[in-house]
Amino acid sequence: TLADFESDPPDWQYSGSDQLMRDSTLVKTVDGVPFGLQSSIAGSNEKKCLFVRTSFVRKGNNFIELIPPKPIDIPGIADSIDLWMWGGNFKYYVDLVVQDYRDYVYNLRVGSLEYTGWRNLTAKIPNYIPQEEPYIPKSKRLRIIKILIWSDPGERTDKFYTFVDHIQTTSNLYGEKFDGDDLIPEIKKTE
């Protein structure tokens with residue numbers, strides 16, 4: 001699990017398009033867990049999710065960005081990132097914005113929120129996003145820098161709400177073993 005939103009108040013900030021009505025925007029943690037996630041977290045203390053409510057001045061290319069307190073590092077070589085999103089049948093779309101080790105930024109489409117209830121949405125990491133190189137240390141960081149939620153230009157603007165929970169990744173954590181691999185952490189400290 002990369003993020004589970006158990007801190008209260010949430011450390012996540014928000015930003016948005018010029019049309020975002022900041023006085024009606026609310027980002028907070030609330031009690032709630034997707035039913036499909038309950039069995040996999042049984043026995044844990046995960047009971048909260050992130051609630052997002054906002055509105056916009058007028059129709060157009062509106063968006064809200066959910067920004068973690070610090071970028072979320074993804075361990076290993078990631079194949080995909082998934083998160084649970086609650087849809088209220090709004091014509092809104094979700095992207096995960098990731099940054100590679102060279103500081104290039106990529107938008108990964110997660111999906112649409114035009115459904116009702118919780119769904120687990122997944123973004124595949126394309127091969128053109130570098131996560132390793134032939135030199136030691138081979139594995140290079142990839143991190144989530146924000147969640148971008150944007151509207152269809154014709155969608156209503158007077159209200160929008162969603163919930164977010166349990167961001168996780170499917171990653172290859174295997175690291176090649178060789179004589180001297182114990183020195184890699186010293187190299188990483190200098191990068």
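A salt bridge is a side-chain nitrogen of Lys or Arg within 4 Å of a carboxyl oxygen of Asp or Glu. I start with that term, and I note that the model is predicted.

**Entry 1: salt bridges**

I looked up Arg102 and Asp100 and found their side chains joined in a salt bridge, N to O at 3.2 Å. Because its relative accessibility is 40%, Arg102 counts as partly exposed. Asp100 has 0% relative accessibility and therefore counts as buried.

I then checked how many salt bridges the structure holds, and the count is nine. One of them joins Arg109 to Asp95, with the closest N and O atoms 2.7 Å apart. Arg109 belongs to strand β8 and Asp95 to strand β7, so I record a link between distant parts of the chain, 14 residues apart. Arg109 is partly exposed, with a relative accessible area of 47%, whereas Asp95 counts as buried at 5%.

I also looked at Glu186 and Lys189, whose side chains meet in a salt bridge of 3.2 Å, N to O. Both residues sit in helix α2 (residues 184-190), three residues apart, about one turn of the helix. Glu186 has a relative accessible area of 46% and is partly exposed. Lys189, at 63%, counts as exposed.

**Entry 2: the chain as a whole**

I read off two helices and 11 strands for the protein chain. Along the sequence the pattern is β-β-α-β-β-β-β-β-β-β-β-β-α. The chain has 191 residues, and 44% of them count as buried. Its accessible surface comes to about 10400 Å², with 49% belonging to carbon and sulfur atoms. For contacts between residues at least 6 apart in sequence, I noted that 76% join residues at least 24 apart.

**Entry 3: an open sheet**

I traced an open sheet of five strands, in the order β2-β3-β11-β6-β9, with antiparallel pairing. Its edge strands are β2 (26-31) and β9 (116-124), each pairing on one side only. From one strand to the next, the twist averages 30 degrees.

I followed β3 to its partners. Six bridges join β3 to β2, and the two run antiparallel; Val27 stands opposite Val52 in β3. Strand β3 (residues 48-54) also pairs with strand β11 (residues 160-172), antiparallel, over five bridges. Across that pairing Phe51 stands opposite Phe163, and Thr54 has Phe160 as its bridge partner. I found β3 mostly covered, with six of its seven residues buried.

**Entry 4: the nonpolar core**

I looked for the largest nonpolar core and found 37 residues in it. Those with the most contacts inside this core are Leu66, Ile81, Met85, Leu113, Ile147, Ile149 and Ile167. I listed the contacts of Leu113 beyond its neighbours within four places in sequence; among them are Met85, Trp86, Phe90, Leu121, Ile149 and Phe160. In general, nonpolar side chains tend to be buried together in soluble globular proteins.

**Entry 5: positive phi values**

Most residues other than glycine have a negative phi. I noted two residues with a positive value. Asp103 has a phi near 75 degrees and lies in the loop between β7 (92-100) and β8 (105-112). Its relative accessible area is 47%, so Asp103 is partly exposed. His166 has a phi near 50 degrees and lies in strand β11. At 4% relative accessibility, His166 counts as buried, because buried means under 20%.

Conventions. Residues are numbered from 1 along each chain as its sequence is written. This is a predicted model: local features need pLDDT of at least 70, side-chain atom pairs count only at pLDDT 80 or more; totals for chains, interfaces and linings use all residues. Side-chain values use heavy atoms; hydrogens and water are left out. A nonpolar core is a set of buried Ala, Val, Leu, Ile, Met, Phe, Trp, Tyr and Cys residues joined through side-chain atoms within 4.5 Å. Buried means under 20% relative accessible area, exposed over 50%, partly exposed in between (1.4 Å probe, protein chains only). Contact means heavy atoms within 4.5 Å. Two strands pair if DSSP finds at least two bridges between them. Helices (H or I, at least four residues) and strands (E, at least two) are DSSP runs, numbered from the N terminus. Axes are lines fitted to C-alpha atoms, for helices over the stretch in contact, and angles run from 0 to 180 degrees between N-to-C directions. Accessible areas come from the Shrake-Rupley method with a 1.4 Å probe; for residues, only the protein chains shown count as cover.
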